Amino acid sequence: MAVRLRLADVLVPAMLLLVGGVELVLAQPDGWGVGLLLEGLAAAVLVARRHAPLVVGTTAAVIVLAMPWVGPELEDVAAPILFIAVCGYSFARWIPGLRGLLGIGVILAVLLADYLVDPRGHDITDVVFVAALVLPPYVVGRITRRLADQAQQLREQQAVLTELAVRDERDRIARELHDVIAHSISAMVVQAAAAEDLVRTDPERAAGLLRSVTACGRRALDETGRLLHLVRDDADDVDELGLHPPPGVRDLPALVESFRAAGLQVDAELEPPDSLPDGVDLSAYRIVQEALTNAARHGRGTVRLGVGVERGQLRVRCVNQVAADDEPGSGLGLRGMGERVAMLRGTLISGVTAEGFVVDVRLPLVPEPVW
């Protein structure tokens, strides 16, 4: 497997070799040429410290610690200490857990061997001195690794939160698609059926209904395309998200008129406030749309619709008669309505009563705090 190197992998050893080489050339202690060769070899080994830190770190440290045997004394040069410090940092930064302490132990063992057998003489303080120099880089490496791990965890958590947010948004768009398609198809079916009945007796009115079918289909295609565009392309800017603003309570009169044109008798009392929170505004429109769609599909007679403010809440109430032999629907529309209401911390009551089938929704105009 090929090893991919980063700039820092090469830059740090190159700087160490530069410092050590300048020191040896200027000071020219005994055996400085061999010392330069050993430092070059240690620097070349350290290039791979990120990929095999224990092997590479111990090898590079042993190379520079062997300098007193064949080259200048450690007391004569200081650059080998920098090499050992980088090795100590690598033991902590690139090795999980405490296994990097094995490398520290190898470095101290080599120094102790030098102290015991080097005929040119060492002092036990050399071991203590190097230990004092190599342990702080090890501690810094541990701290750096811990911070890097925490940063990675934060990035992973952020990615999970982003994925959940995208999933929630796509679920919302899926509900929007259901509302659009269910409403549009229901309205088109009702209008087409009415046109079929009138095509012989009142051709002009039948033609008007067919034009309404065409217009309804085009609106459905436009809005469906806008929603699918959101799902398909996450990089769109705001201007490309749609040509029209999302519908709201200001569009309820036109919505009611479209159902009346389709043949549904609607007795509407629309008294919404002038301004609403965006979520409440869109949800109220979709709730009315779904209620009228269900009424057109399953209801009989006149539909009573009321929208207004009551006790600090936006109330939507729709009542329609249901034939005894009517088959129940899939329930997806009411389920989506319930999800919208729950998201806004509102209440939904639906079912058959003495008045008929009732949909009664209350949406708070001031959101409750979430602790």
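# Briefing on a predicted single-chain model

In the hairpin formed by strands S2 and S3, which leaves 2 residues between the strands, Arg311 takes a positive phi near 55 degrees. This is a predicted model, in which local features need a pLDDT of at least 70 and side-chain atom pairs count only at pLDDT 80 or more, while totals for chains, interfaces and linings use all residues. Residues are numbered from 1 along each chain as its sequence is written, and side-chain values use heavy atoms, with hydrogens and water left out. The chain has 11 helices and 5 strands, where helices (H or I, at least four residues) and strands (E, at least two) are DSSP runs numbered from the N terminus.

**Overall picture and confidence**

- Of the 371 residues of the chain, 37% count as buried, a term that stands for under 20% relative accessible area, with exposed meaning over 50% and partly exposed the range in between (1.4 Å probe, protein chains only).
- Among contacts between residues at least 6 apart in sequence, 70% join residues at least 24 apart, a contact being heavy atoms within 4.5 Å.
- The pLDDT, which is the predictor's confidence in each residue from 0 to 100, averages 79 over the chain, and 78% of the residues score at least 70.
- Confidence in the chain is lowest in helix H8 (residues 203-232), with a mean of 69, and highest in S5, at 92.
- Over residues 233-243 the pLDDT stays under 50, and for this stretch the model has 7 contacts beyond four places in sequence.

**The sheet and its strand pairs**

- The 5 strands form an open sheet of mixed pairing, in the order S1-S2-S3-S5-S4, where two strands count as paired if DSSP finds at least two bridges between them.
- Strand S1 (266-271) and strand S4 (347-352) stand at the edges with a single partner strand each, so one side of each is left without a neighbour in the sheet.
- From one strand to the next, the twist averages 5 degrees, with axes taken as lines fitted to C-alpha atoms (for helices over the stretch in contact) and angles running from 0 to 180 degrees between N-to-C directions.
- S1 and S2 pair in the parallel sense over 6 bridges, and within this part of the sheet Asp267 stands opposite Arg304 in S2.
- The chain passes from S1 through H10 to S2 in a β-α-β crossover that is left-handed; a crossover is called right-handed if, with the strands pointing away from the viewer, the path from the first strand over the helix to the second runs clockwise.
- S2 and S3 pair in the antiparallel sense over 9 bridges, and Val309 stands opposite Leu314 in S3.
- S3 (residues 313-322) and S5 (residues 357-364) also have an antiparallel pairing, over 8 bridges, with Asn320 standing opposite Phe357 in S5.

**Helices packed on the sheet**

- Helix H9 (residues 252-261) packs on the sheet, where H9 touches S1 and strand S2 (299-310), and the direction of H9 makes about 180 degrees with that of S1.
- Helix H10 (residues 278-298) packs on the sheet as well, touching S1, S2, S3 and S5, and the direction of H10 makes about 165 degrees with that of S2.
- In H9, Leu252, Leu255, Val256 and Phe259 are buried.
- Seen down the axis of H9, the buried residues fall within an arc of 95 degrees, so they line one face of the helix; the arc is that of the directions from the helix axis to the C-beta atoms.
- H9 is followed by Gly263, which has a positive phi near 105 degrees.
- Ser283 is found in H10 and counts as buried at 2% relative accessibility, and, leaving aside residues up to four places away in sequence, Ser283 touches Arg340 and Leu344.

- Arg311, placed in the loop between S2 and S3, has its positive phi although it is not a glycine, and at 80% relative accessibility Arg311 counts as exposed.
- Gln28, in the loop between helix H1 (7-27) and helix H2 (32-46), has a positive phi of about 50 degrees although it is not a glycine, and Gln28 is partly exposed, with a relative accessible area of 48%.
- Gly208 lies in helix H8 and is partly exposed, with a relative accessible area of 23%.
- The C-alpha atoms of Gly208 and Ala195, which are 13 residues apart along the chain, are separated by 8.3 Å.
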